[in-house]
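Reader: Please walk me through this model. I want each label set against its cut-off.

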Amino acid sequence: MEKAVERGQDLGAAYVELRGEAGFIEYIQMDDLRVNALTQRIEQGVAVRVLADGAWGFVSTGDLGSLDVAVEDAFKMAKAAAPTRREPIVLSDLKAVHDVEEVKVVRDPRHVPIEEKISYMESMTKVIKGYDSRITAVTVKVRSASGKKFLATSDGTRIQSDVMLVWSYPWVTGKEADRLSAARHEEASTTRGWEYLEDFATPEFMGEEVARRVKLQLGGVPPKAGTFPCVIGPRVVGTLAHEALGHLAEADLTVNSAFNGKMGEVVASEGVSMIDDGTIPGNVGTTRYDDEGVPTSRVELIKDSFLTGLLTNREYAAKLGLPASGNARAESYLHPPIIRMRSTFFETGDWSHDELFEGIDFGYYCLDMRGGQAQMNASFQVGIQEAYEIVDGEVGKPVTDLSISGIATDSLFKIEGISKEGFTFGAGRCGKGQEAFISDGGPHTRFLEGGITFGGQG
Amino acid sequence: MDENKLLELSGYIVEKGRQRGASDVEVLSRSSSEVDVVIESGEISGVENRLSDGIAIRLYIGKRMGSAFTNIPTTEAADEAIAMALASAKVTTEDLDWVALPEPGKYPSIKGLWNDDIARCEPAKAVEIAGEFMKRATEAEEGLIAAYGGSGVSLYHTAFANSSGISHSERGNVAYAILGAIAQIEQGVTPMVLAFDVKRHMDLDLEAAVDDLASLLRVCKNTVEGRSGEHTVVMHPWAYGQILSYTLMQAVKGDNVARGKSKLEGRIGETIAPENVTIVDDGTIPTGINSSFADDEGVPRRRTPIIEEGVLESFLWDTYWGNKTGEESTGNARRSMRQGLVEIGGTNTVVEPGKRGIRDIVSEIDHGYLIRNVQGAHSSNPESGDFSVVGNPAILIEDGEMVGAVHGLMVSGNAFDLLGKCVEVAKEPIALQGLIGPEIIFEGVNVITRG
């Protein structure tokens, strides 16, 4: 790869970046105890990115024998785009790094026998089926990866990093007469090996988490439509942090969003603080460097109601005069790095748990989510798979499928109270054209009526 | 790598797999090249070229299945992948329901899947198209910001081989241009309006896409308030396509039907929608982006009516689930190459057009909403069909005119009930990726506004 970097420099490129990957990846899917997919693969490839005449050229290839050609092609791509640009792309300065980032695990998933993996999935299926006789279908998916990434740039950076993933995901269907319901649960680790599925995301834990929600849904009441006061739990608050504000704070999106030009302005209720942090040990989304070789960092996006930071890569750091925050991430060698979140969360407040529910005559308590989506006009939506009515300040009946939405620029001002109790991060995946493993969270949070719209059935 | 070399390699793997102890072997090999020009914040930021080879192997030892993938198209890498698949098959559980791999069939005749002009398209040409698209759009509407988009071409070569005698190869390509535009307004920014064109030749209709984009963005510059309640809703195929793909289209997949995950189980022949609703899965339509001669198991593609004049006609099947339930494969196997998962998947969903143009239909609506796109369709419940999404852009229609955008408007309901609320289908089909259909008009849809 180093020779290919030199080839790009010889051609006259302002910046050359090669990102190589080699590793073991495995996917197993079990549908009602039938192994539907059991695929192991050894994959290798290189992503070549070249900045020339102020434009990017990118080539991804699995052919490691012709990296010089890939660099030349990427250079040509950049040259083809460059004449159209009014302003050339420049990158923020970066001190070259030479480092090796190791991930030490107890049980590398590459060496765990397949029989043991199948047994894990069978056990989970049995826990789920045994939870309630109305459960009709169980799909369990397990993904794992173990490999290495290499980064070599014309700035002199040379980084070698271990890649690790274990991911577990059951999807469960329940049926009673004509009524069907479904729920899912997801846990992942990028710093621990198979042991994570033995001591945390066990078949029992995963199975009960998901089966309990299917059962609640089967017995739930339909949600009302409109806006209500509500209390939102950590997994949903985390998704709100990610969807409602996090995406708007990704600098490549900020410039075209409702948050453009609002740096330093009040964007939320008093006492609201929100962070994206790539340095929290053990969290999904944490690494020492991003895919441009920039050290990861803790970025205060909102500090006591003021918009104070944005997530950047080297291009947008230079463009906006901000620090490079270490948020450039690529799904794999098939994609160029783009600005992504890592661990996104709201900080704790000073309300007790009971205070959050006090005085709500009718509202909703939302505890778990199923997907979410943001748009640049600050509109967000989050699907909810576990929710309860709040009646006279007490948690009441479970509620079937609903989703919540709002306009972030308004909703953040409707935060009335934030719990002083801590929270656990949830692991998830975000799709911004590419998949990224992220985590998010936040304390229980109360919104005033008018902050969140409930997309109920009537 | 072209399709003939891929077929040769696939044949080698079938042969080798059998020699090494597999009773049945199938291989799908695909080589693709994509050139994508990237538009970001009103400028072309660069050009990307992805070259990708993939060899997916599925094999059986008796009734035990193993699969493997490699991105290196050589016999050495193939040998290693065969060994991995065999190792998996040896230790996995037996699937007593597995019967056999598909047998050879007669492939449909589809013209125009491959175009030499697309194959010859240089990056500079794709840059020119993206630049032209942006320039025309910016000139067509004051304040229009080309927030994101691009143009490009995608070429693929595919080969199928299995130990039951299938040996087939094909190739195809497409060209596209897409633009997402916004404008600054007092409240921040407008909803993002998307317009695009995708064709199996290079004559992209940028003019129509720009007209569509500019006229809708003009409406979106005006922010208006909506009204909660049951209203007439006009859904663009972009909107209903997403809702239906996460609900109805899940319910017609044969595996979901067989596993008790579909609300439509046992309802073939029943009326589930008004007479004006005809929805077909057609993998053979020449203009369809997902058209091909064979599905991902090498089974011939075909046209499968799902709902015909309101009556549920057919589910979609692949070989495994077809064999298990006594149905014939409808050529709807879809393989995730890297994961090795073979699932049932739709091809091109085609909604039969109605008789009146969309302008005429809108002109008669006193109060209603045009939902151009939605947020959150993926959080719908595929089993129950319940959905709850944000319409974005959502346009208020008053006295037959589109008057402005409503921010944060939600639409909720049940997808199966929604079909019953279809009062009319517009005349002009709009071709999207995997969906060809006109706007659909629904009455009595639950609309929720903020406040």
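Author: Chain A is divided into domain 1 (2-218) and domain 2 (225-455), with bounds from an automatic or database domain assignment. This is a predicted model, where local features need pLDDT of at least 70, side-chain atom pairs count only at pLDDT 80 or more, and totals for chains, interfaces and linings use all residues. Residues are numbered from 1 along each chain as written, chains are lettered from A in the order written, and side-chain values use heavy atoms, without hydrogens and water.

Reader: What area is buried between domain 1 of chain A and domain 2 of chain A?

Author: About 3,700 Å², with 48% from carbon and sulfur atoms. Buried area is the accessible area (1.4 Å probe) that two parts lose on being put together, summed over both.

Reader: Why is the pair A:Arg143 and A:Glu435 called a salt bridge?

Author: The term needs a side-chain nitrogen of Lys or Arg within 4 Å of a carboxyl oxygen of Asp or Glu. Here N to O is 2.9 Å, so the pair qualifies. Between domain 1 of chain A and domain 2 of chain A, the count is 10 salt bridges.

Reader: What span is expected for helix α2 of chain A, residues 67-81?

Author: The rule is 1.5 Å times one less than the number of residues. Helix α2 of chain A has 15 residues, and 21 Å is expected. Its first and last C-alpha lie 21 Å apart, close to that.

Reader: Which residues of α2(A) are buried?

Author: Among them are A:Leu67, A:Val71, A:Phe75 and A:Met77. Buried means under 20% relative accessible area, exposed over 50%, partly exposed in between (1.4 Å probe, protein chains only).

Note on methods: Helices (H or I, at least four residues) and strands (E, at least two) are DSSP runs, numbered from the N terminus.
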